[in-house]
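Student: Please pick one part of this structure and look at it closely. I want the geometry, with every cut-off spelled out.

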Amino acid sequence: MSSKINYSKPTDNEIILGILNNSSSTLLYLYKAYFPMIYQLIINNNGNEDDAKDIYQEGIIILHDKIKSGDFELTSKLKTFLYSVCRRLWLKKLNHKSRFNANINDYEDHFAVEPDLANHEEKDQQFLMMDKALLQLGEPCKTIIEDFYIHNKSMQDISEKFGYTNADNAKTQKYKCLQRLKKLFFSKEKI
Amino acid sequence: MKSEIELIKEIEAYLFQEMDAQQSSAFENERKQNSSFDQKVSEHLNFLQSLKSYGDKKELKAAMDTIHDDIDLDAIRAEYQEKPSKVVSLWKKSKRSLAVAASIAVLVTLSTLFFTGQFDGENHVSNYSELKRDMETIKRSQKALIRNINNATNQPQDISQFGGTGFALSSNGYLVTNYHVVKDADSIYVQNGKGESFKAETIYIDPTYDIAVLQIIDPLFKNLSPLPYTFKKSNAELGEDVYTIGYPKDDIVYGKGYLSSSTGFGGDSTAYQVSIPVNPGNSGGPLMDNRGNVIGIVSGKQTLADGAAFAVKSDFVLKSIDNIPQDSLKQKININKKNTLAGLNRTAQIRKMQDYIFIVKVYN
């Protein structure tokens, strides 16, 4: 199936299916297909190429999360959804810089996406907090946690990699690391 | 109570199905029965969830960055960057000639203004006139008259050059007036309604608010009876009836008006604008409200507008008084807090106040 996607233009439904299955070729197609659209929007509304990249990637992440969360119903074209989300994100950034007020040259249809963004902002916050907490955690804890909880490596592999005498020792170490990370993460949340 | 680390161990054992059937049903039971335990478990699960989505997002970002590096940006640039519009290219072409035209226009404007006398400072600087009385002008017109009286009564000749009004701050001889009244003074005398004159000296000035505090240092001066009026700390309301008593001539003059704006000349927030007839000599007089509170000090008026006089707000007066270093004073300034004018009608108020309002005569 994935080899087909590379050659024929996939439909929106195929893209959604691909994202649900973590298909890298779908991501490649999706990313390349709509980047120029967002590039045009940002560049011609006081943004630079880095802005275009940041906003577009944030938009894709929002789309990605929405599809993964399972409550995505295709009420519009994916293209329109992406455009609307990126447009909203960019407007927000512009207002933040207060360079000019809620005025944007449009190139595509769009609709209101505020509810999708509200959720995203919270997630983004958590992402940043986790990033900071992991950084403060330091090595080897950071790698142990990432290997186990994110890359789903077995305790056996991890204890070998770090030279623990047995998996139980590594496990105890992992618990200690996790406890510290939790502490760091929640202490940040209060600020 | 279990320690945090034991709790984590237990949750993970359950999560990764390392418990036997009995243990896991005990775990589930405890979640049902113990709500604080249940809360801790869900908190931990949420935390693991955010850790997981953190990892996912990081992976996604890395994947996108790889894709992004592969994109042919030059092609997109060429296609989507808008060409500068006609206006912009026209502007770029004719920038130089436009600049020359603009500078000529500015030059012409400036020279026109210069030749028509718009830059004569006095024309518009003196929009605001301070209301101290220049005695010279009046003296000249009335010279003959004064000379006659002088010969008859043998009073010391009045040679003061400027005059204003001042009023008592406390019963022990402190007065307040405008700074511009006593500016550059060699000596200052204050004179009450009965014609008694006392030597006074400036003990504090505050040029920013146009306030000066004087003290009567004359040995003949006896303390006044307690002051009938108080100083209002809050701002007065727009449209409030106000009056002032002052010495634009040698006898006391009453003027009545209303508060017309809560800011003074040029939007000065330390002053009120008042619609009230005032004349040179009124400077330093109290601006009173209906209940006999001092709400300001009359300080000036706008020369080119009708009925726009200005008064420094009373809370700035109080602020200045607070700024006086107390240990430099011979006697304490006790600001009166008891108002005995509140219930009286206007004429009775004025009668009671007269003794506390002075002509300030300045010699230099």
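Tutor: What follows starts with the contact between two chains and then moves out to the parts on either side.

This is a predicted model, in which local features need pLDDT of at least 70, side-chain atom pairs count only at pLDDT 80 or more, and totals for chains, interfaces and linings use all residues. Residues are numbered from 1 along each chain as its sequence is written, while chains are lettered from A and ligands numbered from 1 in the order in which they are written.

Take the contact itself. Chain B gives 24 residues and chain A gives 29 residues. Two residues are in contact if their C-beta atoms, placed from the backbone, lie within 7 Å. On the side of chain B that touches chain A, the elements giving two or more residues are helix H1 (4-15), H3 and helix H4 (73-80) of chain B. H3(B) supplies the largest share of that side, 15 residues. Helices (H or I, at least four residues) and strands (E, at least two) are DSSP runs, numbered from the N terminus.

So look at H3(B) and its partners in chain A. Two packed helices are described by the angle between their axes and the distance between the axes. Axes are lines fitted to C-alpha atoms, for helices over the stretch in contact, and angles run from 0 to 180 degrees between N-to-C directions.

Start with H3(A). Helix H3 (residues 24-43) of chain A packs on helix H3 (residues 35-70) of chain B at about 55°, and the axes are 10 Å apart. H3(A) and H3(B) are therefore oblique to each other. Angles under 35 degrees count as roughly parallel, over 145 as roughly antiparallel, 65 to 115 as roughly perpendicular and the rest as oblique. H3(A) crosses H3(B) in the right-handed sense. A crossing is left-handed if the near helix is turned anticlockwise from the far one by less than a right angle, and right-handed if clockwise. From H3(A) come Ser24(A), Leu27(A), Leu28(A), Tyr31(A) and Lys32(A), which meet Ala63(B), Met64(B) and Ile67(B) in H3(B).

Now H4(A). Helix H4 (residues 49-68) of chain A packs on H3(B) at an angle of about 135°, with the axes 11 Å apart. H4(A) and H3(B) are therefore oblique to each other. The crossing of this pair, H4(A) and H3(B), is right-handed. Here Lys53(A), Gln57(A), Ile60(A), Ile61(A) and His64(A) in H4(A) meet Lys57(B), Leu60(B), Lys61(B), Met64(B) and His68(B) in H3(B).

Step back to chain A. Chain A has nine helices and zero strands. Of its 191 residues, 27% count as buried. A residue is buried if 20 or more other C-beta atoms lie within 10 Å of its own, exposed if 12 or fewer, and partly exposed in between, with C-beta atoms placed from the backbone. Among chain A contacts between residues at least 6 apart in sequence, 60% join residues at least 24 apart.

In helix H2 (residues 12-20) of chain A, the buried residues include Ile15(A), Gly18(A) and Ile19(A). Seen down the axis of H2(A), its buried residues fall within an arc of 95°, so they line one face of the helix. The arc is that of the directions from the helix axis to the C-beta atoms. Just after H2(A), Asn22(A) has a positive phi of about 55°. In helix H7 (residues 141-150) of chain A, Ile144(A), Ile145(A) and Phe148(A) are the buried residues. Down the axis of H7(A), its buried residues also fall within an arc of 95°, so they line one face of the helix. Asn152(A) follows H7(A) with a positive phi, near 55°.

Chain B also has strands. In strand E7 (residues 211-216) of chain B, six of the six residues are buried, so E7(B) is largely enclosed by the rest of the structure. Strand E4 (residues 174-177) of chain B pairs with E7(B) in the antiparallel sense over four bridges. Two strands pair if DSSP finds at least two bridges between them. Val176(B) stands opposite Val213(B) in E7(B). Strand E6 (residues 197-206) of chain B runs antiparallel to E7(B), joined by six bridges. E6(B) and E7(B) form a hairpin with four residues between them, and Asp210(B) in the turn has a positive phi of about 60°.
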